[in-house]
Amino acid sequence: MYPRETYEVRYVISLDQQWNLQSFMIDGDINGVPWKVTGKKHDDKWKINNILDFADFKFIDISLTPLTNTLPIKNLFTEFFTLQEVKVLYIDILKNELKIVRQCYTQLDDNRYLYENTDTDFKAVLMVDKDGFVENYPALFERIL
């Protein structure tokens with residue numbers, strides 16, 4: 001029998017009109033252990049959990065949701081087949097880990113983007129709806145509404 005694992009994650013993300021990240025708050029409960037991380041942009045630097053320490057990222061990527069992949073898709077305004085590379089703060093909730101990673105997005109057509117994590121060689125074709133929100137992330141997430 002497998003151990004039962006439970007996850008509850010809540011997040012609030014603040015963006016400007018161009019989909020640039022301004023602040024975020026993530027909290028939750030992982031197998032009964034509370035977890036929280038906050039971030040607020042100050043000029044070109046970030047205050048994470050009230051410590052000014054991260055400076056070089058544009059977006060966040062929360063491990064348990066595909067919504068944060070929508071942020072660079074909506075912001076980059078790529079042309080078809082044009083590769084866009086960005087640095088993101090990857091927030092691995094299950095490992096309680098924050099790290100800067102490089103990600104690439106290439107718009108394949110109106111509803112498909114090639115996502116690549118260049119630090120791990122992971123690739124996936126993300127399906128988005130007419131508004132650019134991720135609705136299918138193969139083998140990981142699928143919107144059911």
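Which residue in S5 stands opposite Ile-48? In this predicted model, the residue of S5 that stands opposite Ile-48 is Ile-51. The two strands concerned, S4 (residues 45-48) and S5, run antiparallel and are joined by 3 bridges.

These strands belong to an open sheet of 5 strands, arranged in the order S1-S2-S3-S4-S5 with antiparallel pairing.

When neighbours within four places in sequence are left aside, the contacts of Asp-27 are with Glu-8, Val-9, Arg-10, Trp-35 and Lys-36. Between Asp-27 and Thr-38, the separation is 11 residues in sequence and 8.4 Å in space, taken from C-alpha to C-alpha.

A second open sheet is formed by 7 strands in the order S6-S7-S8-S9-S10-S11-S12, and its pairing is mixed. Strand S6 (59-62) and strand S12 (141-142) stand at its edges; each has a single partner strand, so one side of each lacks a neighbour in the sheet. Helix H1 (residues 67-76) packs on this sheet and touches S6, S7, S8, strand S9 (112-117), S10 and S11. The direction of helix H1 makes about 150 degrees with that of S6.

Inside the 7-strand sheet, strand S7 (residues 83-92) and strand S8 (residues 97-109) run antiparallel and are joined by 10 bridges. One of the residue pairings places Val-88 with Val-101, its bridge partner in S8. The loop between S7 and S8 contains Asn-96. Although Asn-96 is not a glycine, its phi is positive, at about 55 degrees. Asn-96 has a relative accessible area of 55% and is classed as exposed because this value is over 50%.

A positive phi is also found at Ala-139, where the angle is about 70 degrees although the residue is not a glycine. Ala-139 lies in the loop between S11 and S12. With a relative accessibility of 86%, Ala-139 counts as exposed.

Aromatic side chains form 8 pairs in the structure. In one of them, Trp-19 and Phe-133 are arranged edge-to-face, with 5.8 Å from centre to centre and 65 degrees between the planes. This pair links distant parts of the chain, 114 residues apart. Trp-19 lies in the loop between strand S1 (7-15) and strand S2 (21-30), whereas Phe-133 lies in the loop between strand S10 (122-128) and strand S11 (134-137). Phe-133 is partly exposed, with a relative accessible area of 28%.

Another pair, Phe-122 with Tyr-137, is stacked, with centres 6.3 Å apart and planes at 25 degrees. This pair too links distant parts of the chain: Phe-122 is in strand S10 and Tyr-137 is in strand S11, 15 residues apart. How exposed or buried is Tyr-137? Tyr-137 is buried, with a relative accessible area of 7%, whereas Phe-122 is partly exposed, at 35%. Phe-122 and Tyr-137 are also members of one aromatic cluster, together with Tyr-105, Tyr-115 and Phe-141.

The elements that give two or more residues to the lining are S6, S7, S8 and S9. Of the elements, S8 gives the most, with 3 residues.

Key:
Residues numbered from 1 in each chain as written. Predicted model: local features only at pLDDT ≥ 70, side-chain atom pairs only at ≥ 80, totals over all residues. Heavy atoms only, no water. Phe/Tyr/Trp six-rings, centres within 6.5 Å; stacked < 30°, edge-to-face > 60°. Helix = DSSP H or I, 4+ residues; strand = E, 2+ residues; numbered from the N terminus. Buried < 20%, exposed > 50% of the residue type's maximum accessible area, 1.4 Å probe, protein only. Pairing = 2+ DSSP bridges. Contact = heavy atoms within 4.5 Å. Axes fitted to C-alpha atoms, helices over the stretch in contact; angles between N-to-C directions.
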